[in-house]
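Hi there,

Here is the structure I promised to pass on. My notes follow below it.

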Amino acid sequence: MKNIIDMIMAPEYSFTAVVVLFILMIKYVDKIATKKFGYSLLLGMTVFIGWLFTDNVFRLNFFATNDNVPIIFLVFLVVWSCWFSLYKGIQNDNRIAAGGVPLEAEPENREKVWSWPNLVYTELFAIIACTIFLIVWAIVFKSPLEEPANPTWAPNPAKAPWYFLGLQEMLVYFDPWLAGVLLPGLIIVGLVAIPYMDVNPKGNGYYTFRERKFAITTFLFGWLVLWVFLIIIGTFLRGPNWVYYGPFEVWDAHKVLAANNVNISEYFWIKLLNQGLPKNILVREIAGIIMTVGYFVVGIPLFNKFFGNKYLKRMGMIRYYLMVMLIFMTLTLPIKMYLRWSINLKYIIFMPEFEFNI
Amino acid sequence: MKKEPGMAYNMKTLNKVFAVLSILFLISTIWIVLDDYIRPWKAVQIKGLEVKEKVLLEQIKEAEESTDGDKVRSLNAKIMAAKKDIDSKDQEVSKVKEKLAEVQKKIYIQNMKNGEDGSRASEYQFKYEHAFSHNHPKQAAKYKIKMDYYRVRFNEGRDQLKVFQQEEKKINNEMKTYTDKKTSLEKELEKLTGTKDLLLTSMKSSQKGLVWLIRNMPFIDYLDPTIKIHQWEVKNVTEDRYFQQVPRVDRCKTCHLFIDTPGFEAQEQPYKTHSKLTELAVGANSAHPAKLFGCSSCHQGESHKVFDFRSPEHTPSSKEQMVEWEKKYDWHYPHKKPQPMFPLIYTEASCVKCHQGVEYLPMANKLNEGKKLINTYGCYGCHKIEGYQDKVKPGPALKKIAAKVTKEFITKWVWNPRSFNEHAKMPSFFMQAHNSKEEFANKNKTEVAAMAEFLISKSEEYKPFMKYKAGDADKGKELIQTVGCIGCHQVEGLDEPWNAVKSRKGTYLTGTGSKVDPDWLVSWLKKPSHYQEDTIMPSFRLTDSEVSNIATYLLSLKNEKFAEIESFEIDKKLRDGLLTEYLAQFEPIAMAEAKLAKMTDHQRNMELGKRSVGKYGCYSCHNIDGFSPDRAPIGPELNGFGSKPLTQLGYGQQHDTVGHSRHEWLFAHLKQPSLWDKGVPKSFKDLNKMPNFYLKDDEIHSISTVILGLVRDYVPLAGQKVLNAEEKLMAEGKKVASKYNCYGCHKIDGFGGDILAAYDDYNMGPPFLMKQGHRVNSDWFYKFLKNVHPIRSYVQARMPSFNFSNDEINKLITYFNATHKDAKTFHEKPSFLDNRGMVKWNPGERDAAKQMWEELACTSCHTGGFNSEEAQAPNLHFAKKRLRVSWLRDVWLKDPTKVMDYSIMPNFWENGTISAVEGVLDDDPKKQINAMIKYLWEFGYDKSPEPFKK
């Protein structure tokens with residue numbers, strides 16, 4: 001059993017599984033947004049994670065650094081908040097479908113109360129409760145402070161703080177310029193831009209899913225699949241030399257994986273056409289360039305065909321194409337991941353002469 | 001419950017929640033304060049108080065026992081009586097006291113008055129001078145009157161004060177007559193009980209009580225706690241903190257409370273006193289006081305961390321201790337710490353980083369042993385090691401080997417040196433755990449046979465200049481024992497007491513008969529440098545008959561078992577296969593095969609031989625034709641090994657069997673180098689090439705001590721032992737002395753003297769070289785080392801004629817001269833002395849000298865040139881040329897036992913305290929000694945004896 005889990009938790013399989021689960025979640029959202037499902041999910045997760053902790057190797061790896069502890073909180077909190085918002089949203093959707101108003105719009109829920117003590121006093125509670133929580137946490141799990149940094153003794157694996165492990169995971173697939181600068185920059189820009197691009201007035205002040213299905217699905221895909229799950233991979237499934245280790249696998253720094261990554265240009269010129277690489281850079285990388293340009297040139301009109309009618313009008317040209325660009329950039333991540341896993345692709349365009357590698 | 005308007009919650013419920021949260025908050029706050037306050041090291045200190053109390057109580061008891069109780073009691077009684085006496089004269093005493101008080105009052109008042117008058121006088125003097133110099137004569141005159149007035153008053157007052165003080169003195173004396181007896185008695189008592197009282201005070205100060213409790217309370221304990229972190233900040237030896245060298249902060253004393261306090265030697269750790277407190281470390285007067293060197297400079301570890309037992313990275317000394325610690329402290333290997341503590345047996349490794357450029361270090365016995373073993377086994381031949389760069393290759397030169405041994409011998413010897421000689425220093429490369437498979441062994445055999453072929457074919461022509469003639473083996477054995485061969489060599493089957501000598505500088509001679517060519521042997525014994533110019537083997541100036549006796553004996557030592565082992569030849573198929581592999585390294589197989597086809601059979605043998613010599617690194621230890629001396633040694637550099645990260649040490653598949661620390665890896669490596677290949681699927685050419693030396697465990701510990709000390713740490717100049725010019729010369733000289741193994745025969749300032757194990761009476765063996773630099777004249781010494789001449793005719797062991805270079809002799813002499821800079825008696829500069837013209841007699845001095853000469857019977861031992869009896873001491877006619885006056889005067893004649901405690905030379909003057917011959921020269925030892933020296937100088941020769949023929 002543990003061997004099977006070690007095998008299927010490899011990023012290529014587990015990522016696929018998470019994508020599939022995500023699609024299923026959106027498709028069967030009615031089933032998921034029920035209390036019954038919520039409780040069984042909680043039970044299932046608790047049992048599974050509890051079972052993980054019965055394993056010596058997992059426990060050893062987990063407690064090697066105490067900053068793994070918040071990841072467990074994160075998993076529960078993310079799942080709970082995701083389920084809760086869907087539950088509330090579907091509840092309201094059903095009410096609206098039945099011709100009613102959202103729960104939040106009911107007169108008894110629109111009644112106003114005094115900010116003292118209803119708000120201020122409860123905020124004080126929250127402050128105290130948080131402080132107690134932090135104190136106890138600090139006592140029980142000592143901070144994982146190590147020796148002063150020493151450039152000749154870099155730890156292996158050298159891991160970023162847990163909240164950046166998703167970014168670090170991206171470095172496996174992209175050139176540092178992209179994974180370290182461009183993509184994180186786009187994430188920030190994209191998050192900042194959301195309020196300006198989202199012109200759908202529905203859902204203000206109440207939970208809903210169906211009225212904002214596209215927006216919620218897009219966001220949750222980025223958040224759950226491309227961010228949270230990558231953090232989990234980075235935390236639990238990456239060991240020395242950033243090699244994949246199953247949750248029950250001992251971290252042996254000498255683990256060897258055959259990883260001969262190949263560029264598109266090499267696929268094209270050498271494997272396909274059976275000749276040497278051309279001297280001219282542009283000619284050499286022509287296949288990759290065509291693919292990249294094609295991705296946008298063919299992809300965007302295709303995208304328009306499905307979503308264009310509905311959103312182009314509603315959002316206006318600029319907003320719409322900005323959104324499309326952001327979505328296309330986001331999708332490069334899973335695309336590149338799958339290309340790496342399937343054909344050991346290193347770079348689509350590889351121009352070290354200009355430090356331009358995609 | 002119905003909610004109030006405008007309220008989402010019930011106020012009472014909110015208050016309850018608030019109450020509960022507040023209580024939880026309070027609890028968590030108390031918890032975190034306690035969590036911060038309660039630290040494991042505090043418990044250690046509190047227990048330390050008990051230990052201290054126990055030890056102090058013992059000391060107090062001891063002090064009590066050592067004082068005379070009766071005397072104390074009688075003194076106390078006397079004091080009581082004296083007190084009573086004073087009490088009985090109460091009236092008189094109180095009268096005196098009153099008088100004293102009265103006069104003291106007067107003195108006080110007078111002092112005040114005088115002070116005022118004096119300052120006024122000074123004030124008016126200033127005013128007067130000021131007015132006078134600024135041309136205000138009227139004012140000046142006015143001030144002068146005032147000034148004079150106060151001056152007169154002040155002088156009168158001072159006289160009056162003296163009168164009062166006199167009076168006070170008188171009254172005090174009067175008082176003393178009453179109290180004197182008591183005071184002196186009390187003083188006497190204090191002398192007796194002083195130690196005890198001090199101990200009691202010390203005990204009081206460390207006792208737990210209310211004040212102690214308050215001082216160590218949480219929040220207050222920042223003021224002046226007694227339970228606190230003790231630390232030494234060590235600026236001399238720093239730690240690397242990311243591009244910055246910071247002083248080490250050693251907080252070890254926090255738990256090792258009494259590490260610097262004598263008296264706790266018998267306590268358990270961590271309460272023990274440092275075992276080398278007074279001489280070596282920690283103690284204020286030791287060589288490395290804790291204030292300057294701390295603890296971690298030597299012991300290493302995370303010395304600034306004191307939280308609990310694990311935090312400073314203690315390292316267990318043994319497997320048992322490790323198991324104990326794992327249970328007790330949850331100890332485990334520190335994987336992230338660059339330099340955990342050294343296990344106790346390796347602590348001396350730390351000496352190396354500060355004491356560089358020296359051969360041996362006083363007090364570092366383990367380290368010295370390790371350095372000696374590195375010399376013996378020649379580790380430096382294959383591995384670059386700091387301090388060993390300039391040493392001669394550890395193995396003999398093989399350039400003329402054909403004249404010495406046969407090809408079969410080389411084959412069998414290289415294949416397994418231990419089959420010939422179980423004490424062989426030559427390590428075993430073959431038939432180890434990793435290459436004993438038949439496939440590998442056969443290839444190895446072909447390589448060995450090819451190497452033998454290569455060595456013999458490449459060998460230069462050498463014709464022994466002497467022919468072997470059979471002699472008397474028994475006499476030969478006797479000679480080996482007595483002339484001094486065993487100062488370097490060992491042979492099995494020697495007689496008592498000679499078999500007690502365990503020197504390993506030279507070859508183990510058992511089995512020589514199955515090894516060497518007889519003609520070569522006699523030539524070698526007669527003149528070693530004839531065969532190898534740079535050999536360190538000296539000539540013992542043996543006569544031809546002596547040579548043939550020794551040779552006969554050595555050739556009789558045969559190794560029958562070895563002779564029976566069959567030699568083997570090159571397997572041509574395997575040879576060609578191996579060669580093809582070599583040739584195909586950078587070329588395609590077809591080309592390699594074509595190249596091979598062009599080679600003759602002999603060429604192929606030679607090629608494989610040469611490649612194999614290169615592969616196994618034979619050239620690293622032996623001089624071999626065809627291998628330039630500049631070729632890099634085969635092994636990896638060992639400098640910096642002590643700082644190597646564990647991840648860079650190849651564990652092969654032994655992660656679970658070999659401990660995860662540098663010293664455990666090194667131990668396993670030296671014990672069985674082939675271990676790392678176990679279970680690893682390696683091809684023939686990639687097999688581990690480090691050979692097996694069959695080292696014993698304690699040998700490995702000693703060698704490891706040196707290697708673990710080769711760290712990359714930066715040590716500031718202030719922390720290094722910087723050698724001054726003289727010390728550098730000394731270190732160089734010591735290297736020469738150990739190259740030629742002077743230490744094999746001579747005990748030089750307490751070090752060495754292997755051969756002396758065979759002597760009951762050291763007078764009959766090679767002399768101790770104590771303070772040799774002070775003893776002999778440098779020019780004599782130079783000539784002696786160049787051409788040895790007789791000194792002690794009664795000693796059978798011979799001072800050999802070494803093949804020293806001029807430079808080496810000079811280094812040796814400088815070494816000996818420099819060693820005695822610290823001898824307080826050495827006043828003269830160690831220069832080339834002119835001994836002529838020393839003798840200028842004072843009136844009557846010569847007669848006195850002659851009288852002493854007769855009475856002290858010098859010639860009964862120093863017979864040389866005086867009578868025909870057998871000498872028991874050097875010929876004094878040659879003393880003038882050889883010895884320094886200051887040495888004779890201030891050291892030797894004054895007290896010979898201080899130099900050589902075994903000497904039969906009588907201690908006539910007993911350190912210059914008594915007269916040797918009564919009634920001579922005013923019984924002044926100094927004058928007597930001077931006269932004796934002059935006498936010696938008068939009849940002494942201005943030359944040394946004829947040197948031995950080489």
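Which residue follows α16(B), and is its phi positive or negative? The residue after α16(B) is Gly484(B), and its phi is positive, near 120 degrees.

Before the rest, two remarks on conventions. This is a predicted model, in which local features need pLDDT of at least 70 and side-chain atom pairs count only at pLDDT 80 or more, while totals for chains, interfaces and linings use all residues. Residues are numbered from 1 along each chain as its sequence is written, and chains are lettered from A and ligands numbered from 1 in the order in which they are written.

On confidence, the model scores ipTM 0.81 and pTM 0.81. Chain B averages a pLDDT of 89, and 98% of its residues score at least 70; pLDDT is the predictor's confidence in each residue, from 0 to 100. Please take care with residues 823-827 of chain B, where pLDDT stays under 50, and with residues 829-833 of chain B, where pLDDT also stays under 50.

Back to α16(B), which spans residues 473-483. Helices here are DSSP runs (H or I, at least four residues), numbered from the N terminus. Gly476(B), Lys477(B), Leu479(B), Ile480(B) and Gln481(B) of this helix are buried (20 or more other C-beta atoms within 10 Å of the residue's own, with C-beta atoms placed from the backbone). The cover over these buried residues includes α19 (544-556) of chain B. The axes of α16(B) and α19(B), lines fitted to C-alpha atoms over the stretch in contact, come within 7 Å and cross at roughly 100 degrees. That makes the two helices roughly perpendicular (65 to 115 degrees, on a scale from 0 to 180 between N-to-C directions).

Another pair is α15 (residues 438-458) and α23 (residues 601-616) of chain B, which pack at about 105 degrees with their axes 7 Å apart. So α15(B) is roughly perpendicular to α23(B) as well. Phe454(B) of α15(B) and Leu608(B) of α23(B) are among the residues that make this contact.

Finally, the contact between the chains takes 21 residues from chain B and 22 residues from chain A.

Best wishes

How values were computed
Contact = placed C-beta atoms within 7 Å. Parallel < 35°, antiparallel > 145°, perpendicular 65-115°, else oblique. Buried ≥ 20, exposed ≤ 12 C-beta atoms within 10 Å, placed from the backbone.
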